Amino acid sequence: MDKKLDPSRDDLPLVANTSHILVKHYVLDLDVDFESQVIEGTIVLFLESGNRFKKRSSSTEVACPSESNEACKFRMPEPCQIPVTNTKTFSSKIGYNDFVICGKGEKDTSGKDGNHDNQEQASGISSSKYCCDTGNHGSEEFLLVLDCCDLSVLKVEEVDVAAVPGIEKFTRSPKLRNQIVHELMALPADRWREQLDYYARCSQAPGCGELLFDTDTWSLQIRKTGAQTATDFPHAIRIQYRTKPQGRSVTWTSDQSGRPCVYTVGSPINNRALFPCQEPPVAMSTWQATVRAAASFVVLMSGENSAKPTQLQEDYSSWHYYVTMPMPASTFTIAVGSWTEMKPEICSSNDVATERSFSPSEADFRYIGVCGHMEYPCRFQKASATTQKIIPHRVFAPACLKGACQETLLPLIPPCLSAAHSVLGTHPFSRLDILIVPANFSSLGMASPHIVFLSQSTLTGMSQLCGTRLCHEIAHAWFGLAIGARDWTEEWLSEGFATHLEDVFWAKAQQQLAPHEAREQQELRACLRWRRLQDEVQNSPEEMQVLRPNKEKTGHVSDSGSSVIRHGLNPEKVFMQVHYLKGYFLLRFLAKRLGEDTYFSFLRKFVHTFHGQLILSQDFLQMLLENIPEEKRPELSVGNIFRDWLESSGIPQPLQRERQALAECGLAQQVSAEVAKWVRVNRRPRKRKRKDREEVFEKVRHRWCELIVKHKYTKAYRDVERFLQEDQAMGIYLYGELMLSEDPRQQHLARRCFELSREQMDKSSAEVVAEMLF
């Protein structure tokens with residue numbers, strides 16, 4: 001497939017000037033309005049600068065997203081409006097519920113009220129000194145640049161944190177606002193509750209001066225008159241804003257019961273259309289959020305606490321969540337809907353998730369060394385957490401999926417969590433929510449801190465699909481979340497590890513599986529992945545098959561901290577599996593070369609060393625090679641692995657040599673023989689009741705639909721239509737099969753199904769399918 005890539009369309013800009021100033025904590029205060037499909041409220045940013053930001057040379061100029069040469073038009077401060085938050089009173093205990101409910105109105109689609117919106121075309125802010133010079137240049141003013149898209153920004157102001165009663169208790173400079181913020185952020189980890197309490201109090205403090213701001217396609221730029229450096233710039237600012245119904249970070253849709261809901265979809269632009277933020281992964285921050293919605297809705301978020309609603313007036317409820325582990329802003333997740341908590345019909349004692357006591361010898365084995373990350377309340381340093389095999393967990397879904405959740409999903413969670421613990425040790429996060437998301441979700445699953453989204457497609461059939469996908473998402477708690485990629489182009493550090501570990505976890509979760517059966521199962525899955533990888537490299541641009549496309553420049557950013565994610569906006573990239581598959585085969589290759597016991601012993605050590613941090617490929621590979629005996633690493637070097645696996649397109653050479661072994665997989669041969677047998681059996685004429693056919697369809701929906709398309713079985717086209725509408729996470733590829741058949745009736749079926757579903761589809765999915773069909 002020889003497709004020319006367009007960098008202006010395919011690359012994702014990260015424009016935040018993180019080298020100058022960092023957001024260390026966010027406080028969100030939001031209202032969710034389903035009538036207008038808008039999330040509205042405020043976000044308070046607590047910022048940190050350093051001595052290295054005080055003096056900058058002219059070399060710190062960075063490229064602007066827009067091309068216009070017009071002067072920068074910043075919005076001038078206007079008379080203060082009533083803030084969303086209630087600043088009238090402060091008490092010794094924070095009142096998270098003391099907020100004004102925003103008025104409801106018509107669906108907001110245009111920002112016609114004179115707000116500064118992110119437009120699809122640049123707003124005329126480009127080569128001005130304010131947009132491009134984000135450091136200190138003599139008399140010029142410092143500019144804070146945030147990643148922001150599809151938002152209406154209403155007001156930006158400095159927060160008077162010095163007005164908070166009691167703030168003098170922990171600061172030596174109660175009148176210096178930036179110093180107060182600095183000392184608040186410097187509180188030790190064991191005072192995290194007090195720290196969150198004062199963050200919340202400060203976020204409710206009155207404003208002390210509006211700030212100049214403006215937006216363009218990808219950013220929000222803020223400055224304060226007279227503030228020439230990051231050190232001088234206000235370290236606590238409040239932004240009042242609202243999302244747009246068409247914003248790409250969240251999707252407004254209906255669940256499987258027909259009830260309205262909204263959730264973050266794992267968009268290529270991440271969360272910048274949900275709140276202004278610093279997107280680069282180096283901008284690791286903590287956050288807390290108060291979200292209000294109608295009392296009939298449940299608010300789930302990627303928070304450490306299992307929030308319960310607080311009843312407000314006028315049939316509204318308030319939900320509060322927080323995190324104390326610094327994470328990139330892209331990991332923030334929210335889902336608001338009429339979710340029902342699914343509980344097992346019979347509670348087993350094995351499902352009780354507690355932190356048990358243990359003997360001193362166990363403590364010595366589990367509790368090793370000092371963490372290398374920035375200070376936060378870390379579970380790896382909590383002795384009781386190290387032996388907690390099954391963390392507390394909840395399952396939410398639309399009420400109509402209760403039976404499927406109880407039958408398929410709920411029994412799998414404890415063994416999968418326990419299996420993960422047995423392989424990698426301490427669970428990085430203290431709890432887990434699992435949500436079955438609406439049918440328009442374009443993936444089988446998505447992991448965020450403390451919460452996992454699963455497609456309803458995983459609930460069909462036997463436990464195999466649900467179990468392996470659950471294990472994949474659980475693995476992301478370690479690889480992708482607790483340990484993240486410093487450069488987002490190195491996706492294999494997340495997806496390759498999760499794909500490799502899902503097999504290992506799932507084999508252990510199936511407690512009745514004998515060791516030789518587990519090995520055969522893993523070999524069969526390797527055989528299937530080998531075939532998928534062959535198809536992938538034959539049908540995708542070579543440039544998008546490279547796992548480390550920036551090569552020696554991986555991890556590099558501009559002087560301001562801005563960078564570009566190559567192909568980050570290409571809609572086809574969402575459906576490519578090359579980072580999963582080549583990453584999986586690399587790790588499988590390394591585990592076989594070292595021996596699985598040696599490899600997984602190292603992996604536990606690696607997790608303990610790097611949790612809470614960002615890594616590059618060389619961090620993993622260098623530590624691996626340093627920790628294995630010389631005799632086990634002939635011809636293995638970081639350079640060789642880069643050359644053969646990470647920096648080349650196509651099938652890696654070491655994997656080419658394994659092709660014959662994959663083809664000769666014993667279990668794969670048995671499966672082929674069994675398929676041939678059933679093909680012969682099914683040629684015999686027989687009658688089948690409609691109910692039996694429906695039960696078969698529910699168990700093997702995807703494969704059944706592929707066979708319908710392949711054999712043009714017109715009597716069952718209704719099953720294909722139903723599948724494409726209800727299982728969008730798995731149905732994208734089926735559109736391709738329908739079109740490749742060159743059968744007019746099948747192509748008409750594909751186009752009709754697309755027209756019925758496109759309004760509910762994820763934007764990237766819709767673009768890819770439209771390209772197939774038209």
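**One side chain and its setting**

Tutor: Start with Glu 491, which has a relative accessibility of 26% and so counts as partly exposed. The term covers 20% to 50% relative accessible area; buried means under 20% and exposed over 50% (1.4 Å probe, protein chains only). The model is predicted: local features need pLDDT of at least 70, side-chain atom pairs count only at pLDDT 80 or more, and totals for chains, interfaces and linings use all residues. Residues are numbered from 1 along each chain as its sequence is written, and side-chain values use heavy atoms, leaving out hydrogens and water.

Glu 491 pairs with Lys 573 in a salt bridge, with 1.9 Å between the closest N and O atoms. A salt bridge here is a side-chain nitrogen of Lys or Arg within 4 Å of a carboxyl oxygen of Asp or Glu. The two partners are 82 residues apart, and the pair links distant parts of the chain. Glu 491 sits in the loop between β23 (483–485) and α9 (492–509). Lys 573 sits in the loop between β24 (563–565) and α11 (578–594). Helices (H or I, at least four residues) and strands (E, at least two) are DSSP runs, numbered from the N terminus.

Elsewhere, salt bridges share partners: Glu 158, Asp 160, Arg 177 and Lys 224 are joined into one network. Take one of its pairs. Lys 224 meets Glu 158 with 3.0 Å between the closest N and O atoms. Lys 224 lies in the loop between β9 (219–223) and β10 (236–243), while Glu 158 lies in strand β6 (residues 151–159), so the bridge ties together parts 66 residues apart in sequence. Lys 224 has 27% relative accessible area and is partly exposed. Glu 158, at 5%, is buried.

Stay on strand β6, which also holds Val 159. With 1% relative accessibility, Val 159 counts as buried. Residues up to four places away in sequence aside, Val 159 touches a set that includes Val 44, Arg 177, Cys 202, Ala 236 and Ile 237. Contact means heavy atoms within 4.5 Å.

Now helix α3 (residues 177–185). Its buried residues include Ile 180, Val 181 and Leu 184, and also Glu 183. The buried residues of α3 pack against β2 (22–33), β3 (38–48), α4 (192–203) and β10.

Another salt bridge joins Asp 433 to Arg 431, at 2.9 Å from N to O. Both of these residues are buried.

Phe 453 is in strand β22 (residues 451–454). At 1% relative accessibility, Phe 453 is buried. Among the residues it touches, not counting those up to four places away in sequence, are Tyr 263, Ile 334, Leu 435, Val 437 and Met 446. Phe 453 and Val 437 are 16 residues apart in sequence, with 6.2 Å from C-alpha to C-alpha.

Next, helix packing. Two packed helices are described by the angle and the distance between their axes. Axes are lines fitted to C-alpha atoms, for helices over the stretch in contact, and angles run from 0 to 180 degrees between N-to-C directions.

Helices α7 (residues 413–424) and α8 (residues 463–475) have axes that come within 10 Å and cross at roughly 45°. The two are therefore oblique to each other. Under 35 degrees is roughly parallel, over 145 roughly antiparallel, 65 to 115 roughly perpendicular, and the rest oblique. From α7, the contact uses Ile 413, Cys 416, Leu 417 and Ala 420; from α8, Gly 467, Leu 470, Cys 471 and Ile 474. By class, seven of the contact residues are nonpolar, one is polar and none is charged. Nonpolar means Ala, Val, Leu, Ile, Met, Phe, Trp, Tyr, Cys and Pro; charged means Asp, Glu, Lys and Arg; the others, Gly among them, are polar.

Helices α13 (residues 617–626) and α14 (residues 638–646) pack at about 130°, with axes 10 Å apart. That makes α13 oblique to α14. Their contact involves Leu 621 and Leu 625 of α13 and Ile 641 and Phe 642 of α14, among others. The contact has six nonpolar, three polar and no charged residues.

Finally, the whole chain. It has 23 helices and 25 strands. Of its 774 residues, 59% are buried. The whole structure holds 31 salt bridges. Among contacts between residues at least 6 apart in sequence, 77% join residues at least 24 apart.
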